[in-house]
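Here are a few friendly notes to read alongside the model. Have a look at it below before going through the points.

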Amino acid sequence: ERINFFTPFFVQKNLTITKNIKPVIFNGSKEKFTLLFDNLLSNAIKYNPKDGNIDLELSENGFMIKDSGDGIKIKDINKIYKRYTRYSAYSGGFGIGLFLVKKICDEYNIKIDVKTSSNGTTFNLIWDKQI
């Protein structure tokens, strides 16, 4: 559902989307999970160059999203979840998206693992099978 919502933005930037989506049932707020996924998808689009790539995987154990953008500077990686923090002046936003992602993950005991390099950023969300 959320991938379909963002399809016009993928098309606009000519992004290649690779999906490995398994059916998963979440016990929790649909609005909060929508907000979580929307923020991660929006960032992957926003910080990706034209003709870039986004890889998505959803399984009963977690969610992975990887983009092919410039990555997050290593010096900033420990501050990305701080409210109103932005690290790029060339794209929009208010700096609250990852703050909200972290807050929702904390509420549902979801572990966030982020890896970044000049070839892109990967967010892995890891949860109990019972979510």
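1. Helices here are DSSP runs of H or I with at least four residues, strands are E runs of at least two, and both are numbered from the N terminus. Residues are numbered from 1 along each chain as its sequence is written, and side-chain values use heavy atoms, without hydrogens or water. Please keep in mind that this is a predicted model: local features need pLDDT of at least 70 and side-chain atom pairs pLDDT 80 or more, while totals for chains, interfaces and linings use all residues.

2. Helix 1 buries Arg2, Ile3, Phe6 and Phe10 (buried: under 20% relative accessible area; exposed: over 50%; 1.4 Å probe, protein chains only). These buried residues line one face of helix 1, because they fall within an arc of 75° seen down its axis (directions from the helix axis to the C-beta atoms). On the face turned away from that side sit the exposed Asn4, Pro8, Val11 and Gln12.

3. What do the buried residues of helix 1 pack against? Their partners are strand 1 (16-21), helix 2 and strand 2 (contact: heavy atoms within 4.5 Å).

4. The second largest pocket holds about 490 Å³ of space (on a 1 Å grid over the protein atoms alone, a pocket is an open set of points where a 1.4 Å probe fits, with protein on both sides within 12 Å along at least five of seven lines; lining residues have an atom within 4 Å of a point). Of its 19 lining residues, Glu1, Arg2, Phe26, Phe37 and Leu58 are the closest to the centre. Helix 2 gives the largest share of this lining, 5 residues.

Note on methods. Points joined across faces, edges and corners; volume = space filled by probe spheres on them.
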